[in-house]
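Me: I would like to go through some labels given to this structure and ask what each one rests on. Please set the value against the cut-off each time.

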Amino acid sequence: MSFALRPTRSLYAHLTTSNFVQCRTIKKEHTLKSGGWERVIPAFRSVCGEDGVSLGEAVREQHGRDESVHRCRPPDVVVWPRSVEEVSALAKICHHHHLPIIPFGTGTGLEGGVGALKGGVCFSLRNMDRVLDLHQEDFDVSVEPGVTRKGLNSYLRDTGLWFPVDPGADASLCGMAATSASGTNAVRYGTMRENVLNLEVVLADGSIIHTTWLYTSLVTLPGLKQKTSAGYNLTNLFVGSEGTLGVITKTTLRLYGVPEAMVSAVCTFPSVQAAVDSTVQVLQTGVPIARIEFLDDVMIDACNRFNLLSYPVAPTLFLEFHGTEKSLEEQVTVTEEITQANGGSDFSWARDAETRGRLWKARHDAWYAALALRPGCKAYSTDVCVPLSRLPQIIVETKEDLMLNRLTGPIAGHVGDGNFHCIMVMDPNDQDEVIRVHEFTERLARRALALDGTCTGEHGVGLGKRALLREEMGPLAIEVMQGLKTTLDPKNLMNPGKVL
Ligand SMILES: Cc1cc2nc3c(=O)[nH]c(=O)nc-3n(C[C@H](O)[C@H](O)[C@H](O)COP(=O)(O)OP(=O)(O)OC[C@H]3O[C@@H](n4cnc5c(N)ncnc54)[C@H](O)[C@@H]3O)c2cc1C
């Protein structure tokens, strides 16, 4: 039994009105011939129990979509393995019957990564939710795929350690590894690429590999080496592979000491250019700033309304400093000098944990605040990233483009990384607006590529950016990626139709 790939869809085809169709209107696609499921379902049940398999329509629909505008593509069946051995056994059954495998973390992705384009089997990993090995003195921890970033940080609460990578949603840590996620702390602590030390992966044929040598032993060895020159970097081959190369069943993560002191501040600017220039200068002077987030006037207005805040409606930076009391003083003085030289306002401070929490909640709620600007509308987040020196130019041009084309697209950006998002709020029933959004997002991505940037800084390629990936990487690099995919997954069973 085999399944054929559909022809490549046109650029931004995912944004057409038909993609907003409800799940129940989508024709059910079966991957197995009639009668095939009768043999396969009992085999799945013998691996993960009666409760570990569902064919229910509501369950399949829930697992066929993420938080993006991509329409729901339900799998034929959802399974909930409880261990790596069960993932491996299920994968072997799928391999034998040529069934696509779609890993599912928490479904917070923004690029349609969990949709079952060809039907198949969704591996929902939420029942594998143990924190396995915490090595406090080595600053690392291993977790199963059902553990989320907030879950891990509450587990670590009394240890003096924390894991800083923080996408806005409470995503699973293995899903974050799969999409190479980052967030507001990346400017200081890096993205998942810098913080994943080792992965356990079940390949399409059910075999289990570890991407660095240490954890090939079943015995937990204390003292994970965080430094290696041994062979190809398999860890970073799987980080960002979006479920297309294997199912990540365990990740070992780098931890950090909770800083002695933290302080957050908000500062408004007379122009976008002044805010972004300040960011560039702060980083150029070597201030080890922990967070530096840009919100344009439209975004700050939306955040004010959504979170009942009263920040001035102007280009704004949210900043956070981590360190000792003494080093904070120095960091803050240098940063204030820079922002004031660029016409920034006095800092409005958030010193205690509760006020800081409120400030960053407002930033993390940006997606929902943008949606609330136009009730009943859908949101699509752009995700370009450019070298820092090109950031003022691209943000200024993007704002002009939004105005010219009468589009609602509040901007929030991890500007310290050169990464920013326009959260495009649009009426899916207004075909003219949908087309204007297509054209805008296309122009924005190409503008980033022309400035030596990328079409995705953190959300991944998923379903909608495959054509842009080709433009960005060129045919030879894509051929190499395709070769790797074919080697690891010759039957093209792992999350088919994504990335490549
Ligand atoms: C409000 C909001 C704010 C967000 N902010 C950010 C942000 O600041 N930065 C950022 O990077 N992202 C952000 N995101 C996007 C999202 O949270 C991340 O992409 C996250 O990493 C997805 O994790 P997940 O567990 O939900 O993955 P899912 O959505 O379940 O899956 C995403 C992809 O990863 C694959 N996958 C999931 N688990 C595994 C696994 N164990 N093994 C192999 N493949 C797997 C899936 O097949 C799919 O292709 C935001 C999303 C929302 C809704």
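Me: Why does Phe347 count as buried?

Reply: This is a predicted model, so the values are computed from it. Buried means under 20% relative accessible area, and Phe347 has 8% relative accessibility, so Phe347 counts as buried.

Me: Why does Trp349 count as partly exposed?

Reply: Partly exposed covers the range between the under 20% of buried and the over 50% of exposed. Trp349 comes to 30% relative accessibility and therefore counts as partly exposed.

Me: What makes the rings of Phe318 and Trp360 an edge-to-face pair?

Reply: Two conditions apply: centres within 6.5 Å, and planes over 60 degrees apart. The rings of Phe318 and Trp360 have centres 5.9 Å apart and planes at 85°, so the pair is edge-to-face. This pair links distant parts of the chain, with Phe318 in strand E14 and Trp360 in helix H12, 42 residues apart. Both Phe318 and Trp360 are buried.

Me: Why is the pair of Phe347 and Trp349 called edge-to-face?

Reply: The centres of the Phe347 and Trp349 rings lie 5.3 Å apart and the planes stand at 75°, so this pair is edge-to-face. The count by this rule comes to 5 aromatic pairs.

Me: Where does the charged end of Arg351 sit?

Reply: The charged end of Arg351 sits over the ring of Trp349, 4.7 Å from the ring centre; the distance cut-off is within 6 Å. Likewise, the charged end of Arg291 sits over the ring of Trp360, 4.2 Å from its centre.

Me: What is the order of the 4 strands in the open sheet?

Reply: The order is E1-E2-E4-E3, with mixed pairing. Strands E1 (53-54) and E3 (101-104) each have a single partner strand, so they stand at the edges and one side of each is left without a neighbour in the sheet.

Me: In which sense do E3 and E4 pair?

Reply: E3 and strand E4 (residues 121-124) pair in the parallel sense over 4 bridges; at least two bridges are needed for a pair. The bridge partner of Pro103 in E4 is Phe123.

Me: Which residues of strand E18 are buried on its two faces?

Reply: On one side of strand E18 (residues 411-414) Ile411 and Gly413 are buried, and on the other Ala412 and His414 are buried, which covers both faces. E18 pairs with strand E19 (residues 419-426) in the antiparallel sense over 4 bridges, and Ile411 stands opposite Cys422 in E19. The hairpin of E18 and E19 has 4 residues between the strands, and Gly418 takes a positive phi near 75° there.

Conventions:
Residues numbered from 1 in each chain as written. Predicted model: local features only at pLDDT ≥ 70, side-chain atom pairs only at ≥ 80, totals over all residues. Heavy atoms only, no water. Buried < 20%, exposed > 50% of the residue type's maximum accessible area, 1.4 Å probe, protein only. Phe/Tyr/Trp six-rings, centres within 6.5 Å; stacked < 30°, edge-to-face > 60°. Lys NZ or Arg CZ within 6 Å of the ring centre and 35° of its normal.
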